[in-house]
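Here is a guided walk through one protein chain. Keep the sequence and the 3D view open as you read.

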Amino acid sequence: MSPRSILRCAAAALAGATVAGSANAVDIQVGSYEQTGIGAEFATPYDTFRFTGGTVTVAASPVPAVVTLGSYSFEVGPNCYSCTLTPSYDAMVDLTIDGVTQQFDLPYAWYSSGPSDFLTFATPKPVTFDFDSLGLVTIAVDAPPTLSSAGATIYGTMTATVTMTPVPEPATFALLISGLGAIGFVARRRRG
């Protein structure tokens, strides 16, 4: 067997073992968040930002998947033409996979320009779950666009990119190392 053939077999075995080790789907439970009276200088049930999460199932794959984590709404009440507040908030939303919970932080800010109220968002930092021998699951949440309303409620969906990085099984590493050893042995034998 030539060194190239051995290397091809080792690479194919490594790829096959990696895919076989990640054949399960992952369920992601997404929490909810609500903040009312965001920009009000007095108590009000208006200017409310809501996010309602759900459960997302992602098939294990080396290819990143774009998923919908849940839906949001921005409800605007009577407009404030002389509001000076520009509050900012951190929407902390739970993400749970296999009983492990982490949060993503969605920073946002409110301001008013008279007839319209606005919410602007910063992009959250990705959240990574490390499941040791099962690999890594990284969730990169997309920030919503700037939300603007003169009194109507705005609705939308929040998306994220889920990337799974499987960790090859020990047998796969052993196969790779033995394949590289065989290549070295054949190459040395041809020289001598």
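**The open sheet**

Start with six strands that make an open sheet, ordered β4-β1-β6-β7-β8-β11, with antiparallel pairing. β4 (55-59) and β11 (147-149) are its edge strands, and each of them pairs on one side only. From one strand to the next, the twist averages 25 degrees. Bear in mind that this is a predicted model.

Now look inside the sheet. β6 and β7 are paired in the antiparallel sense, over 10 bridges. Take Asp 90 as an example: its bridge partner in β7 is Pro 107.

Step back to the whole chain. It contains two helices and 12 strands. Along the sequence the pattern reads α-β-β-β-β-β-β-β-β-β-β-β-β-α. The chain has 192 residues, and 33% of them count as buried. It exposes about 10600 Å², with carbon and sulfur atoms supplying 58% of that area. Among contacts with a separation of 6 or more, 63% are between residues 24 or more positions apart.

Next, the aromatic residues. How many aromatic pairs does the structure hold? There are nine aromatic pairs. Take Tyr 33 and Phe 49: their ring centres are 6.2 Å apart and their planes stand at 50 degrees, so this pair is tilted. Tyr 33 sits in strand β2 (residues 33-35) and Phe 49 in strand β3 (residues 48-53), so the pair ties together parts 16 residues apart in sequence. Are these two residues buried or exposed? Tyr 33 is buried, because its relative accessible area is 13% and the cut-off for buried is under 20%. Phe 49 counts as buried at 0% relative accessibility.

Another pair is Tyr 89 with Tyr 108. Here the ring centres lie 5.4 Å apart and the planes are at 25 degrees, so the pair is stacked. The cut-off explains the label, because planes under 30 degrees apart count as stacked. Tyr 89 belongs to strand β6 and Tyr 108 to strand β7, so this pair ties together parts that are 19 residues apart in sequence. Tyr 108 counts as buried, at 2% relative accessibility.

Follow β7 to its end. Ser 112 is placed in this strand, which covers residues 100-112. The side chain of Ser 112 makes a polar contact of 2.9 Å with the side chain of Asp 117. The Ser 112 side chain also reaches the backbone oxygen of Ser 116, at 3.4 Å.

Move on to Phe 118, in strand β8 (residues 117-121). Why does Phe 118 count as buried? Its relative accessibility is 16%, and buried means under 20%. Leaving out residues up to four places away in sequence, Phe 118 touches Phe 74, Ala 109, Trp 110, Tyr 111, Ser 113, Thr 146, Leu 147 and Ser 148. Phe 118 and Asp 47 are 71 residues apart in sequence, with 9.5 Å from C-alpha to C-alpha.

Finish in a loop. Thr 84 is found between β5 (65-75) and β6 (88-97). Thr 84 is exposed, because its relative accessible area is 64% and exposed means over 50%.

Definitions and conventions. Residues are numbered from 1 along each chain as its sequence is written. This is a predicted model: local features need pLDDT of at least 70, side-chain atom pairs count only at pLDDT 80 or more; totals for chains, interfaces and linings use all residues. Side-chain values use heavy atoms; hydrogens and water are left out. Helices (H or I, at least four residues) and strands (E, at least two) are DSSP runs, numbered from the N terminus. Buried means under 20% relative accessible area, exposed over 50%, partly exposed in between (1.4 Å probe, protein chains only). Contact means heavy atoms within 4.5 Å. Accessible areas come from the Shrake-Rupley method with a 1.4 Å probe; for residues, only the protein chains shown count as cover. A polar contact is a pair of N or O atoms within 3.5 Å; within protein, one must be able to donate a hydrogen and the other to accept it, and residues adjacent in sequence count only if both atoms are side-chain atoms. Two strands pair if DSSP finds at least two bridges between them. Axes are lines fitted to C-alpha atoms, for helices over the stretch in contact, and angles run from 0 to 180 degrees between N-to-C directions. Rings of Phe, Tyr and Trp (its six-membered ring) pair if their centres lie within 6.5 Å; planes under 30 degrees apart count as stacked, over 60 as edge-to-face and the rest as tilted.
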